[in-house]
Amino acid sequence: MAQPRVSEAMTPDKQALSSLFKYLKKQNLKETEGALKKELGIQSEADIDRLVSSSSIFQHSISDAEPAVYDECYASLLEFVEQSLDLYRPELSTLLYPVFVHLYLELVFSCNASAAQSFFGKYSKKQESFYEEELQRLFSITTPAQMQNNELVETYRRHKFGIRLSVDSHQCLEKHLQIKQHTVILKIIDHFLDLDVFNGTPRTHIDIKSTSGAMDGEATSKANKAKVLYGMPRDPDVAAALAELEEEADAAMDDEKPKKKKIKKDQVGILSGKKGKASTIPNAPALNRIPLPNLRECEQAAKFNAFKESAKCISIGPSNLPSICFYTVLNAYNSLTAVSMSDDSTMLAGSFSDSIIRVWGLTHRRLCPLKTPDQMQQVTLAAEDVMERIVDTSSSSDMFQLIGHTGPVFSTSFNPDNSYLLSGSEDGTVRLWSLQTFTALVCYKGHNSPVWSVEFGPSGFYFASGSYDRTARVWSTDHIQPLRIMAGHLSDINICKFHPNGNYLATGSCDRSVRMWDVLNGNCVRIFTGHKGVITALAFSPDGHSLASSGSDHQILVWDIGNAAQICVLRGHIDDVYQLAFSRDGIILASGGKDNCVKLWNVSSFEEESKQLQNIKSGCLLSSFPTKSTPVHCLHFTRKNLLLAAGPSFAN
């Protein structure tokens, strides 16, 4: 994983190409220059101009028909959809929005501003409400000049809109277009729509509604064909922890003290990959599929302690709800942007709009940095209490500030053993901080726009970042350049989450879609559509089988990763959902957000709900816990299944 890979080709640009060739000449990389020119078919500067012009989103109009023809074609299509059989109407109606968009853009490009505005006013109200933001942006485009370098126009012209139709619905559409001879619509379908025709009965309105809403339409079947190794492999390091836990349990049973229940292997939780050999775990990746360095001694100790604590995990469920501890950050309602907690629940980090990160300890022990290098020279390394001597107790504090970013900080993430903290900022950088000295170690530069999300992988060696530049990047702590660049989203990436086995990365975007990427090769292996608003939170179930997502549409969608299918929709929040968290045993899903409320959902009932695709029943909701006036910025289950939450106080 030493070389970056880009999963989607970038648009040629004359200045960029010229700069690239100048750099290759300067470095005397003649073979590379020749190979690139051969691949692009470039022999002179004129060829560069030709290549750039061929990539223009509007070389020419797809039709030179009169403006009245565009109106007539769309009116005919609308009438056809409304008068079609009830069996076909839900699927055929998905054509209306993309055809409307491209007809409008064609009118604008043909310098028919008045006709375009008339067309927009006549048919825009017939589009789905979740396209309202895009419609408002389209309405502001009235001249060909405004279309150039417009992000929305470029998105719609370069990316085909996905539509799934049954064979019967597709034949019905073809027959209509052939009879009416609507060549304009036929060209739009051919150039800008990706029709995924499948065998089977036409889908119902509920089926279509559950997968519609993304900027580029529905995910086609070919986008989700790749096999995903979502299982949790058994870690060989767990064997020692299990053996010691068994010995402790046996000793407790033989002791004269009241007998304790023998610890079962599966009590260690999903962290151990469940019982059985690695070869018998279905869909589990090989342990060496993603290369990892050997664990340091402190990392091994932290891992061992995690397994020991997991054995003491409290069983929770519908009849035994978890306790909730809420941390409120005072005087920070307008400045606190995000909160994160360490895996062992001993530290809390707050990101602030003043570019400062504040780290608090959540235990009775104060945070203590290590001594300076000069002070370290006076420490006797052979002493038995050397670990206590290297700590500077005179500088201990309940809170430390991390200063270094030059813009608001939007996200932080602790590594598994609490030695490092990641942060992403508006300044476009990702910074790695030492939590032993509370100083900055590395500044990772790669994004050219604000970084909205950062996330450490389960191993603590790889981490990911998501940005306004529409890309997610996978890094390692020992490289200053990204190892993988995931490009494919049509808008900002708001949230990144690693799969529990560390082989996949999930991203949620303002384009209202969720994507899963293979960390090994950077390929997109899953696209989930169905949200009607921007996506702000993601959470994987501990067993790796499911993914939950939420956003500004006030609903939570739960996905089956293996089948690339939606399991259920959870409705109950009345505002944006900022946070999601599964309990350590995967039985309860917690959610919270802008409506100042923490809700608990019964995960075990998801399967039953999904069998009837009503999947909206309130039976999944176990309980709601409203705060007085504090939005929920963080949710975290401790290793013993206590739920921790945090947010800023609201001052009237």
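1. Start at a single pair. W559 has Q566 in β23 as its bridge partner. This is a predicted model, and that pair belongs to the join between β22 and β23 (residues 565-571). Six bridges hold the two strands together, and they run antiparallel. They form a hairpin with four residues between them. In the turn, A564 has a positive phi of about 55 degrees.

2. Now the other side of β22. Strand β21 (residues 546-551) is joined to β22 by five bridges, again antiparallel.

3. Is β22 enclosed or open to the outside? Strand β22 (residues 555-560) is largely enclosed by the rest of the structure, because five of its six residues are buried.

4. β20 connects to β21 through five bridges, and the two run antiparallel. Here A537 stands opposite S550 in β21.

5. Strand β10 (residues 429-434) is mostly covered, with six of its six residues buried. T429, R431 and W433 point one way from the strand. V430, L432 and S434 point the other way. Both groups are buried.

6. What pairs with β10 on the β9 side? Strand β9 (residues 420-425) runs antiparallel to β10, with five bridges between them. L421 has W433 in β10 as its bridge partner. Three residues separate the strands in this hairpin, and G428 takes a positive phi near 85 degrees.

7. Then the β11 side. β10 and strand β11 (residues 439-445) pair in the antiparallel sense over six bridges. S434 has T439 in β11 as its bridge partner. This hairpin has four residues between the strands. F438 takes a positive phi near 55 degrees there.

8. β28 and strand β29 (residues 643-648) pair in the antiparallel sense over four bridges. C634 stands opposite A646 in β29.

9. Turn to the helices. Helix α4 (residues 67-83) packs against helix α11 (residues 167-180) at an angle of about 140 degrees. Their axes are 11 Å apart. The crossing is right-handed. On the α4 side, the contact uses S76, L77 and F80. On the α11 side, it uses C172, L173, H176 and K180. By type, the contact residues divide into four nonpolar, two polar and one charged.

10. Which residues have the most contacts inside the largest nonpolar core? They are L138 and L173, in a core of 46 residues. Elements giving two or more residues to this core include α4, α7 (113-123), β1 (161-166), α11 and α12 (183-192). α6 gives the most, with ten residues. In soluble globular proteins, nonpolar side chains tend to be buried together.

11. L173 deserves a look of its own. Leaving out residues up to four places away in sequence, L173 touches L77, F80, L92, L95, L165 and I189. L77 and F80 are also part of the α4 contact with α11. Another core, of 18 residues, lies apart from the largest one. Among its members are I495, V525, F540 and L557.

12. Last, the overall tally. The chain has 18 helices and 29 strands. Of its 652 residues, 50% count as buried. Among contacts between residues at least 6 apart in sequence, 60% join residues at least 24 apart.

Conventions
Residues numbered from 1 in each chain as written. Predicted model: local features only at pLDDT ≥ 70, side-chain atom pairs only at ≥ 80, totals over all residues. Heavy atoms only, no water. Axes fitted to C-alpha atoms, helices over the stretch in contact; angles between N-to-C directions. Left-handed = near helix turned anticlockwise from the far one by under 90°. Contact = heavy atoms within 4.5 Å. Nonpolar A, V, L, I, M, F, W, Y, C, P; charged D, E, K, R; others polar. Buried < 20%, exposed > 50% of the residue type's maximum accessible area, 1.4 Å probe, protein only. Pairing = 2+ DSSP bridges. Core = buried A, V, L, I, M, F, W, Y, C linked by side-chain atoms within 4.5 Å.
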